[in-house]
Amino acid sequence: QLQLVESGGGLVQPGGSLRLSCAASGFTLDYYAIGWFRQAPGKEREGVSCISTGGYRNYADSVKGRFTISRDDAKNTVYLQMNSLKPEDTAVYYCAAECRVWDLALLGDYWGQGTQVTVSD
């Protein structure tokens, strides 16, 4: 069974950091460009970041300079390091396979269940 599982979300104060993980089972991540997407209540889903099989990365303008995507193919896991978090980063974060780096478009149908990130005092 093909599965993506996100973890690492939680409640953090503005300015804080979190690291999200996306672990795959049932398939090998290193054949896919993996993306992080988020959806806040009442808003459409948006692409946050995407990393290609060769390590090329792209980010939404709203997170550039604060978020870093990385992958560890040996662990079959993709990460999203989130620093300097803002209240507007509050959302459910999903990883998905696969994405298109240049415009953060979602190309595939494999999703995780999501992990909640809440940035608040």
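Select Cys-22 and Cys-95: they form a disulfide (a pair of cysteine sulfur atoms within 2.5 Å), with sulfur atoms 2.1 Å apart. The model is predicted: local features need pLDDT of at least 70, side-chain atom pairs count only at pLDDT 80 or more, and totals for chains, interfaces and linings use all residues. Residues are numbered from 1 along each chain as its sequence is written, and side-chain values use heavy atoms, without hydrogens and water.

Stay on this first stop. The link of Cys-22 and Cys-95 is right-handed, with 70° about the S-S bond. Cys-22 sits in strand E3 (residues 18-25) and Cys-95 in strand E9 (residues 91-100), so the bond ties parts 73 residues apart in sequence. Strands are DSSP runs of at least two residues (E), helices of at least four (H or I), numbered from the N terminus. Both Cys-22 and Cys-95 are buried, meaning under 20% relative accessible area with a 1.4 Å probe, protein chains only.

Next, select Cys-50 and Cys-99. Their sulfur atoms lie 2.0 Å apart in a disulfide. The torsion about the S-S bond is about 85°, so this link is right-handed. Cys-50 lies in strand E5 (residues 46-51) and Cys-99 in strand E9, 49 residues apart. Cys-50 is buried at 0% relative accessibility. Cys-99 is buried at 4%.

How many disulfides does a search of the whole structure find? Two. In sequence order, the bonded cysteines pair 1-3, 2-4.

Now colour by secondary structure. The protein has zero helices and 11 strands. Finally, zoom out. The C-alpha trace spans about 40 × 25 × 25 Å along its principal axes. Of the 121 residues, 45% count as buried.

How values were computed: Buried means under 20% relative accessible area, exposed over 50%, partly exposed in between (1.4 Å probe, protein chains only).
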